[in-house]
Amino acid sequence: MDTADKAPSVTLRDVAAASGVSLSTASRALDERAASSRSANAVRVRKVAEELGYRRNSFASNLRRGETRTLGVLVPRLSDTVMALMFEQIERAAADRGYFAVVATSGDDPGDERRATDTLLDRSVDGLILATARLDDRLPLLLRERHIPHALVLRTDGVSPSSLGDDEVGGYLAVRHLIDLGHRDIAVVTGPSFTSSAVARLAGGRRALDEAHIDTPEDWILSPGYGIEHGFAAGDALFGEAVRRRPTAVFAANDNIAMGLVSAAHRHRLAIGEDLSLVGYNDTPLAARLPTPLTSVRVPLDQIARTAIDLIINPHSEPRIRKALPTLIPRESSGPPRPTS
């Protein structure tokens, strides 16, 4: 009879007896929550368990501890490439720590966010990871008051445990790159002002402009949203026929905005990298594969995901807000301004 046939009947007591150890020692050796012990006993227990075809009943074990080993993840929408990539990294990081991640979407609507959160909590998740935080959002406060383990990712309210990129540094790197190429007519198109990411990226861009003593017109600072359609609308406003003076370079606060700007530039017969330099943000997989590869600011989503899991598992660790450093990835979409005739 093979091990597959024997597996259902093999108990932890059988493994302990065959290994010559106590029941508690066998249980500790096979506990997936703990780092694998290299002791002779632990190695022997795991080898015997594998030979006997033993499968630990994690569900029953976790119920006894009042755990589900499940984390709820809330994102605005999975159609957003960054949010989909963020969830994949969270799912991977959670699995490495013995957790299972489930996702819900809110559409960046506070009411839907609250309902989705309640639904996840009704399913007895052990913690929440939110990529939906708004600067005017009461949900993180309520989670703190109810002592629910949680972490914010990509955005922060400045109080709850948060794992994100250093958006101000990223915005600074993007605009500084354009200045170093010789541009002085630089526009910034960012996301909605209720997100910490948009506010910080704009702040970083403004800091670079101020350092270079560049006075950017206020109508070149746009905050329409993070979608491709928002980038296209911003491009129409910046490059349209009625515009008397257009920028020679644009910092787009995410790659979706940048792609919308590319489409608008094409409509107005502007060549990316020649007539118009463009820098995006997040360095999504498509950025390097556009007809004119996009210069973008790369954010380490894998590091952000691992840190978020750590903040939930170790809720009292410091610092509570952790920022990963971004990196500028130069490509053909950004170059020096064309000489004026």
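Colleague: At what angle do helix α2 and helix α4 pack?

Modeller: In this predicted model, helix α2 covers residues 12–19 and helix α4 covers residues 40–52, and their axes lie 9 Å apart. The two helices pack at an angle of about 120°.

Colleague: Are α2 and α4 parallel, perpendicular or oblique to each other?

Modeller: An angle from 65 to 115 degrees would count as roughly perpendicular, and one over 145 as roughly antiparallel. The angle between α2 and α4 is about 120°, and therefore the term for this pair is oblique.

Colleague: In which hand does α2 pass α4, and which residues of α4 make the contact?

Modeller: The crossing of α2 past α4 is right-handed. On the side of α2 the contact is made by D14, V15, A18 and S19. Sorted by class, the contact of α2 with α4 has six nonpolar, one polar and two charged residues. The residues that α4 brings to the contact are R44, V45, V48, A49 and L52.

Colleague: Which residues lie nearest the centre of the largest pocket?

Modeller: The largest pocket holds about 410 Å³ of space, and its lining is made up of 23 residues. By class, nine residues of this lining are nonpolar, eight are polar and six are charged. Those that lie nearest the centre of the pocket are R77, D80, R155, Y226 and N254.

Colleague: Which helix supplies the largest share of the lining of the largest pocket?

Modeller: At least two residues of this lining come from each of α6 (81–96), α10 (196–211) and α11 (228–239). The largest share is three residues, and the helix that supplies them is α11.

Colleague: Which residues line the largest cavity?

Modeller: The count of cavities of 30 Å³ or more comes to one, and the largest cavity has a volume of about 30 Å³. Three residues of its lining are nonpolar, two are polar and two are charged. By name, the lining consists of L154, G165, D167, R201, Y281, N282 and V299.

Colleague: Is the peptide bond from E318 to P319 cis or trans?

Modeller: P319 has its place in the loop between α13 (301–313) and β11 (321–324). The omega of the bond from E318 to P319 is near -5°, and the bond is cis.

Colleague: What is the phi of D108?

Modeller: D108 is found in the loop between β2 (100–105) and α7 (110–122). Although D108 is not a glycine, its phi is positive, at about 60°.

How values were computed: Residues are numbered from 1 along each chain as its sequence is written. This is a predicted model: local features need pLDDT of at least 70, side-chain atom pairs count only at pLDDT 80 or more; totals for chains, interfaces and linings use all residues. Side-chain values use heavy atoms; hydrogens and water are left out. On a 1 Å grid over the protein atoms alone, a cavity is a set of points where a 1.4 Å probe fits but cannot get out, and a pocket is an open set with protein on both sides within 12 Å along at least five of seven lines; lining residues have an atom within 4 Å of a point. Grid points are joined across faces, edges and corners, and a volume is the space filled by probe spheres set on the points. Helices (H or I, at least four residues) and strands (E, at least two) are DSSP runs, numbered from the N terminus. Ala, Val, Leu, Ile, Met, Phe, Trp, Tyr, Cys and Pro count as nonpolar, Asp, Glu, Lys and Arg as charged, and the others, Gly among them, as polar. Axes are lines fitted to C-alpha atoms, for helices over the stretch in contact, and angles run from 0 to 180 degrees between N-to-C directions. Angles under 35 degrees count as roughly parallel, over 145 as roughly antiparallel, 65 to 115 as roughly perpendicular and the rest as oblique. A crossing is left-handed if the near helix is turned anticlockwise from the far one by less than a right angle, and right-handed if clockwise. Contact means heavy atoms within 4.5 Å.
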